[in-house]
Amino acid sequence: MKETHFSPRCKVVDQIVLDDLPTEVDLGMTDEKAIKQLAKLRDKLSKFQDKMYAHNRYSVLICIQGMDTSGKDSLIREVFKEFNPRGVVVQSFKTPNSAELEHDYLWRHYIALPERGKFTVFNRTHYENVLVTRVHPEYLLNENLPGIEKVEDVPADFWDKRMQQINNFEQHISENGMIVFKFFLHLSKGEQKKRLFRRLNKDEHNWKFSAADLKERELWDQYAEYYEEAINKTSTKKNPWYVIPSDNKALSRLMLAGILWEELQKYTDIKQGELEAGMEENIELYKEQLRND
C-alpha cells in the first residue's frame with residue numbers, strides 16, 4: 001500500500017477552533033478502496049502487536065472520544081478485528097459505579113491500562129471527567145470531593161486543574177513505556193441528525209437510540225466548546241490529540257489506522273523476538289527429539 005500521511009494533517013500542534021476543522025475529507029478514493037486499504041493496515045498493525053508483545057517493553061493506549069453517533073464502536077470493531085484477542089482489550093467507561101466513586105476519578109482508568117506488549121482501547125475515556133461532568137456539573141457531587149457540597153462550590157480553576165492532572169497522568173504513563181494516542185472523531189451536527197434518524201428508521205438499530213440522545217444533542221454547542229478547550233489544553237508534544245474528520249465512516253477508520261501505523265513505525269527499537277542464547281544451535285536436536293517422541 002502506498003505510504004500514507006494522515007498524521008501531519010490530523011495532529012493538533014497549535015491552538016485549534018473546531019468549527020474551522022473539516023468533518024469531511026477528500027482522500028481521492030472510493031469507500032470500497034478505503035475499506036481495502038484499511039484491511040492491509042489492519043494486518044500490519046496486528047503483526048506489529050505480535051512483535052511488540054515479544055519485545056515486552058511497550059504498551060499502547062488508544063483513547064477515542066466523539067459526540068454521540070460519531071462511530072466509535074464500529075470504528076473499533078473494524079480497525080482491530082484482525083488482532084489476536086489476547087493482544088487488544090476494549091474498555092468502555094460508563095457512569096461510575098459505587099465502588100469506582102470511592103476512589104479518585106482517574107483510578108478506574110489507571111487500573112484498566114494495558115499490560116506491556118498489549119493494546120488497550122478506551123471507548124470514551126478519562127476525558128469524560130472534563131466533558132460530560134463539566135456539561136453536567138451536578139455529577140461532581142457524586143464524587144464526594146472535599147469542600148464541594150453543591151455545584152456553586154466548584155472553584156473557578158477546578159477544570160483547569162483537572163486538565164493539568166490529566167496531563168500529568170499521561171506524562172507519567174508515557175514516560176514508563178506506554179504509547180498514548182488520543183483521537184477525537186469530528187462529526188458535524190447535520191451528520192449526527194442523519195445517523196439518529198437511521199437508528200429510528202432501521203429496526204435492527206432501534207436499540208441504539210435513547211431519548212437521552214436528543215437531550216444531549218440540545219447541548220451540542222456546550223460539548224463542542226468544552227471539547228475544544230480540552231483538546232487545546234491537553235494536546236502536548238509527547239501526547240498530542242488527533243482530530244479525525246468523521247462524517248464518512250470508511251475514511252475516518254482508514255485515517256485513524258493510518259495514524260497508528262505511521263506513528264508506531266517511529267519506535268525502531270521494537271524488534272522481533274529472538275531465541276534465547278544457545279537455543280539456535282540446538283534447534284535440529286529439538287526437532288530430532290520430537291521426531292523420536
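**The largest cavity and its surroundings**

Modeller: Sorted by class, one nonpolar, four polar and two charged residues make up the lining of the largest cavity. The classes go like this: Ala, Val, Leu, Ile, Met, Phe, Trp, Tyr, Cys and Pro are nonpolar, Asp, Glu, Lys and Arg are charged, and the others, Gly among them, are polar. Keep in mind that this is a predicted model, where local features need pLDDT of at least 70 and side-chain atom pairs count only at pLDDT 80 or more, while totals for chains, interfaces and linings use all residues. Residues are numbered from 1 along each chain as its sequence is written, and side-chain values use heavy atoms, with hydrogens and water left out.

What is a cavity here? On a 1 Å grid over the protein atoms alone, a cavity is a set of points where a 1.4 Å probe fits but cannot get out, and lining residues have an atom within 4 Å of a point. The structure has one cavity of 30 Å³ or more, and the largest holds about 30 Å³ of space. That volume is the space filled by probe spheres set on the points, with grid points joined across faces, edges and corners.

Which residues line the largest cavity? They are Ser70, Gly71, Ser74, Leu75, Lys249, Ser252 and Arg253. Helices H3 and H10 each supply at least two residues of this lining, and H10 gives the most, with three. (Helices are DSSP runs of H or I, at least four residues, and strands are runs of E, at least two, numbered from the N terminus.)

So how do those helices sit? Two packed helices are described by the angle between their axes and the distance between the axes. For H3 (residues 72-80) and H10 (residues 249-264), the axes come within 10 Å and cross at roughly 55°. Axes are lines fitted to C-alpha atoms, for helices over the stretch in contact, and angles run from 0 to 180 degrees between N-to-C directions. H3 and H10 are therefore oblique to each other: under 35 degrees counts as roughly parallel, over 145 as roughly antiparallel, 65 to 115 as roughly perpendicular, and the rest as oblique. Their crossing is right-handed, where right-handed says the near helix is turned clockwise from the far one by less than a right angle, and left-handed says anticlockwise. On the H3 side, Ser74, Leu75, Glu78, Val79 and Phe80 make the contact, and on the H10 side it is Lys249, Ser252, Arg253, Leu256, Ala257 and Leu260. Contact here is heavy atoms within 4.5 Å. Count this contact by class and you get six nonpolar, two polar and three charged residues.

Ser74 and Leu75 of H3 touch H10, and they also line the largest cavity. Likewise, Lys249, Ser252 and Arg253 of H10 are in the contact with H3 and in the lining of the largest cavity.

H10 has another partner, too. Helix H2 (residues 31-55) and H10 have axes that come within 9 Å and cross at roughly 30°, and this crossing is left-handed. From H2, residues including Ile35, Leu38, Leu41 and Phe48 meet H10 residues, among them Arg253, Leu254, Ala257 and Trp261. This contact of H2 with H10 has 13 nonpolar, two polar and three charged residues. Notice Arg253 again: this residue of H10 is in the contact with H2, in the contact with H3 and in the lining of the largest cavity.

Conventions: On a 1 Å grid over the protein atoms alone, a cavity is a set of points where a 1.4 Å probe fits but cannot get out, and a pocket is an open set with protein on both sides within 12 Å along at least five of seven lines; lining residues have an atom within 4 Å of a point.
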